[in-house]
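Colleague: I am new to this model and would like a close look at one spot. Please take me through it and what lies beyond.

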Amino acid sequence: MSDVAAALAPLMAQLPKGAAPRFLALLEREAAARYRSWAETMPDHATVLVECADREEEVASRVAAVIPVDDAAIEQMHALLPTARAGYDRMFVGVEPYDQLRMQAAAELQGAAAWRGVAARQPDPTTVAELEVCATLEEANADAIDAILARLISG
């Protein structure tokens, strides 16, 4: 997978200061939708994929609870969301579903690193703790995908 951070950098540069984490939270909701779509197309793994979707939603909710932004920033984030969505969609075009999962696992690890990076810049210990939970949830998704892929390889 191409580096998600590099792909998002032009969009992030358009956001007001401090709004990037909330934009990433919106992208977590997009990932949740992708997981739910994969659950429909991969019924043998639907339970695990829906659990991953739920974790993505939890990350988004936790971030929204600890990183406030004003209404203008929210409006701007929503305006940029279709471009981000299209970028993600392009990364998956022509890629087999299980390879898409492999790509998503890598993105989850990048997400964990991103949340830890955001946490490192926060002065509030409660916010830091919440963002660490978010990183752990991302890693749980990567582990869940890796388990699906391992089962497929072992037959």
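Does H45 count as buried or exposed?

Modeller: H45 counts as buried, because its relative accessibility is 8% (buried is under 20%, exposed over 50%, partly exposed in between, with a 1.4 Å probe and protein chains only). This is a predicted model, where local features need pLDDT of at least 70, side-chain atom pairs need 80 or more, and totals for chains, interfaces and linings use all residues. Residues are numbered from 1 along each chain as its sequence is written, and side-chain values use heavy atoms, without hydrogens or water.

H45 sits in the loop between helix 2 (20–41) and helix 3 (46–66) (helices are DSSP runs of H or I, at least four residues, numbered from the N terminus). Leaving out residues up to four places away in sequence, H45 touches Y98, I148, R151 and L152 (contact means heavy atoms within 4.5 Å).

Now look at helix 2. Y35 and W38 lie there, three residues apart, about one turn of the helix. Both are buried. Their rings form an edge-to-face pair, 5.5 Å centre to centre with 85° between the planes (ring centres of Phe, Tyr or Trp, by its six-membered ring, within 6.5 Å; planes under 30 degrees apart are stacked, over 60 edge-to-face, the rest tilted). W38 also pairs edge-to-face with F92, at 5.9 Å and 90°. That pair links distant parts of the chain: W38 is in helix 2, F92 in helix 4, 54 residues apart. W38 is buried because its relative accessible area is 4%. For F92, also buried, the value is 8%. Y35, W38 and F92 make up one aromatic cluster.

How values were computed: Helices (H or I, at least four residues) and strands (E, at least two) are DSSP runs, numbered from the N terminus.
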